[in-house]
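Please read the following note with the sequence and the model open side by side.

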Amino acid sequence: MPIHIIDRRLNPGGKSLENRQRFLRRAKSLVQGAVKKTSQERDIKDVLEGGEVTIPLDGMHEPRFRREGGTRDMVLPGNKKFIEGDYLQRSGQGSAKSSGPGEGDSEDAFRFVLSRDEFVDLFLDDLELPDLAKRKIAQTESEGIQRAGYTTSGSPANISVSRTVKLALARRIALKRPRKEEIEELEAAIAACEDEDERTELVAQLERLKAKSRRIPFIDPLDIRYRRFETVPRPVAQAVMFCLMDVSGSMSEHMKDLAKRFYMLLYVFLKRRYKHVEIVFIRHTDRAEEVDEQTFFYGPASGGTLVSSALQAMHEIVRERFNPSDWNIYAAQASDGDNSYSDGELTGMLLTDKILPVCQFFAYLEVGESGGSAFDLSDSSLWSLYERLRNSGAPLSMRKVSERSEIFPVFHDLFQRRETAQEKAAP
Amino acid sequence: MTEHLFEGADWDFHTLQRITDACEEVALKDLGLDVYPNQIEVITAEQMLDAYSSVGMPLFYKHWSFGKHFAFHEASYRKGLMGLAYEIVINSSPCISYLMEENTATMQTLVIAHAAFGHNHFFKNNYLFKQWTDADGILDYLDFAKNYVMQCEERYGRIEVERTLDAAHALMSHGIDRYPGKKKLDLRAEEKRAGRRRQHEEEVFNDLWRTVPKGAAKSRSTLSIERRRKLLGLPQENLLYFLEKSAPRLAPWQRELLRIVRHIAQYFYPQSQTKVMNEGTATYVHYRIMTKLHEQGRITDGNFLEFLGSHTNVVFQPEFDDPRFSGFNPYALGFAVMQDIERIVTNPEDEDREWFPDIAGTNDVMGVLRDVWANYRDESFIGQFLSPKLMRHFRMFHLHDDPEERAGIRVDAIHDERGFRRVRRELARQHDVGYIDANIEVVDVDLSGDRRLILHHHVIKGAQLNETDAKRVLQHLADLWTYDVALIEVDANDKVLREYVVSPRPIPAAVA
């Protein structure tokens, strides 16, 4: 009997990929909820690592008719001391009751592992960048290559054999180049021919055909075609993200942490949409400075609070390095809301005249102490200023946050798919 | 001294070929097995996971639930909660065995003996498989099913197809014919039978019968009910079959989908009834083959010890109070009974002669075993061949747990003279699918009224349906039937315990 032994290991993998995608599609809302929940518990820097999520099995349940209860009979191995007629006490999970439970009971929550991409997709799904209109085709590193038909000259490596042969065939037919069979036929006819005259005639004909076939080559340099490629500019959208933060003494570690989380989310989000994302960190007390990330979050600083200084710094940096026609500019400002009273007017003016016109999006995040509900307190000076601006039509998004777990919902809220991001917002 | 088949743990495809040839020699000559042609495929762990999620079949239609199983298996495999099987074997002709690439040479030998000869023989010879499965056609059928589902998705939309398949899957356990249907006679045979009947009537004709009083004529309404039920083929326990043939508003492609699911459920039906026997057979066969190869000197002592190590793991039966206990291990039970049969046939004691007069001391081990493998399923196999000696060996006892009983769980019988038969009967019953699956059947359709479909669940031993699940399944059923569905749970005395009524969900207008 013949036995076939087959090595299947090299077969393409991922046979279950399609089913897996169907499953994810179907469980989308559940998985999305789980992803958000997971991401709240995680550190932001791990937030996009993918990994295990748990969804309630309920929604993905495959029901079957199952029976339960009633009197049960079972035969078990390993009797040591029982004799017929003994009674065993029922204890909640008595040893005697440990006989196989129905399969359905054992998995009430469903855990599985998402890949990094799946995770990020679900995480950022249904979020949309506000105002994507201003995309600039940057000059650098934007060349792509794509097929663009055929050409008569080129490198031998690019010869298109099928096209060349096709053309050669067309040419041979058009010029009536004798086929091999025709010549063979004629030769056979000559061999079989008796009559001398007719034979000479045929030989002459054969000579003509042969000459013609020599004259008309099988493949002419004329036929040769090369695959043509051309370089095309690829639009590369680039974005810069300004992180503005108040680091004056009134900002606690907790508040900074909230702000940091928000910035991270924004970064991840922009990174998904743009090839290039630059980040500029500007921290301010009563004067502003551009710093690196480490200093931004952890460097000690103290002093009063002048928001206008940060806006002024941002304006200058934009003017020097980020031409608004080349860059999509995003800005997010985090603060506890304090601002010296006298600064209000200048801040408002800078924002409306200089900053907002060049920004795609400007978000203001007011962070509060944990536990204290930010919404009960009277509005801070900055909040009321911004609210006034917004009410007069300035494209501003603003939210208040005091708990770590609120960050994602707020972020989600700000970037939800909608007609335009600059609509009325806020509680 | 014969040459060793392999040395150490490494193998290549020539080694596999040698191993298979050696196993085949023992299987066919010494054990007299009768197998389908073998096809052995070496696969990776990922491919094994793939196979897991599509119930072991090499090709299957696409459905999200398989993705769910895949994700689940993958997660537990990655965490090391679950090992993968060494092999998967498919009841088809040729019989396909999948071997994991990371098995050692010894394990490959074990697995080839186990799957390619043990399972293979069982598939080819057991009456249930012969009756219910078509080994030659199954792969073609799955191919057809896969393409058909794909075409339906293209034509009618993924969501619509998914809805139908979801419903069909929920009813899959009740989409099985449990008894082979009547064979339709062809016309010639029909005519013959009618002729014989007429002849019989003429022979026994007696005019006196005419004068015997008949019972009261049946009322018109009873007659019409009977006629209706007969027309619809009721009562019918194959719910999918009933829907496929009688659901009023299903599209032809939906009926075909139900049919596909039903056929696949039917294909797996014998496997659920023969877990103990199937694994027992395969384990017994691999044990015999491996021992023989070792005796012939074709497997080194070291490799044989490796085999014994994994063999003992496979047939390990934890006791009921062991934390590892999760019911009877089919490998252990099946293997033990078959070895016991070997003992009874070759070396019986008085007790065995009394219990098994037919086979005790006949000395034809393989003859008896081949007969057992061909003609029994788990329930009848245990009911027939579990010997008192084995019950003592496993120290079996029977517990009766009546929730009404205040004193606790009663020990009904143990492995003693008084208890052997009861323990055996009870264990056999535990392996009887007739007892395991809920007994649900379609009993009537209110054709003159609101077309409500009426089902009965015959409750055994007070075990009613899980409510949430029952409602969900009935919802699927109602969606297919497109009118109300009622499920009535009745006990043995026809007392109604509970009644469910479910209405179909409206089909979204966009799709309809």
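The numbered points below describe a strand, its neighbours and an interface.

1. This is a predicted model, in which local features need pLDDT of at least 70, side-chain atom pairs count only at pLDDT 80 or more, and totals for chains, interfaces and linings use all residues. Residues are numbered from 1 along each chain as its sequence is written, while chains are lettered from A and ligands numbered from 1 in the order in which they are written.

2. In chain A, strand E12 (residues 328–335) is mostly covered, with eight of its eight residues buried; buried means that 20 or more other C-beta atoms, placed from the backbone, lie within 10 Å of the residue's own. Strands (E, at least two residues) and helices (H or I, at least four) are DSSP runs, numbered from the N terminus. Asn328(A), Tyr330(A), Ala332(A) and Ala334(A) point one way from E12(A), and Ile329(A), Ala331(A), Gln333(A) and Ser335(A) the other way.

3. E12(A) pairs in the parallel sense with strand E9 (residues 238–246) of chain A over seven bridges, where pairing requires that DSSP finds at least two bridges between the strands. Ala332(A) is the bridge partner of Cys243(A). E12(A) also runs parallel to strand E13 (residues 361–367) of chain A, joined by six bridges, and there Ala332(A) stands opposite Ala363(A).

4. Between the chains, 57 residues of chain A are in contact with 79 residues of chain B, contact meaning C-beta atoms, placed from the backbone, within 7 Å. Helix H3 (residues 64–78) of chain B gives the most to the side of chain B that touches chain A, namely eleven residues.

Terms used: Buried ≥ 20, exposed ≤ 12 C-beta atoms within 10 Å, placed from the backbone. Contact = placed C-beta atoms within 7 Å.
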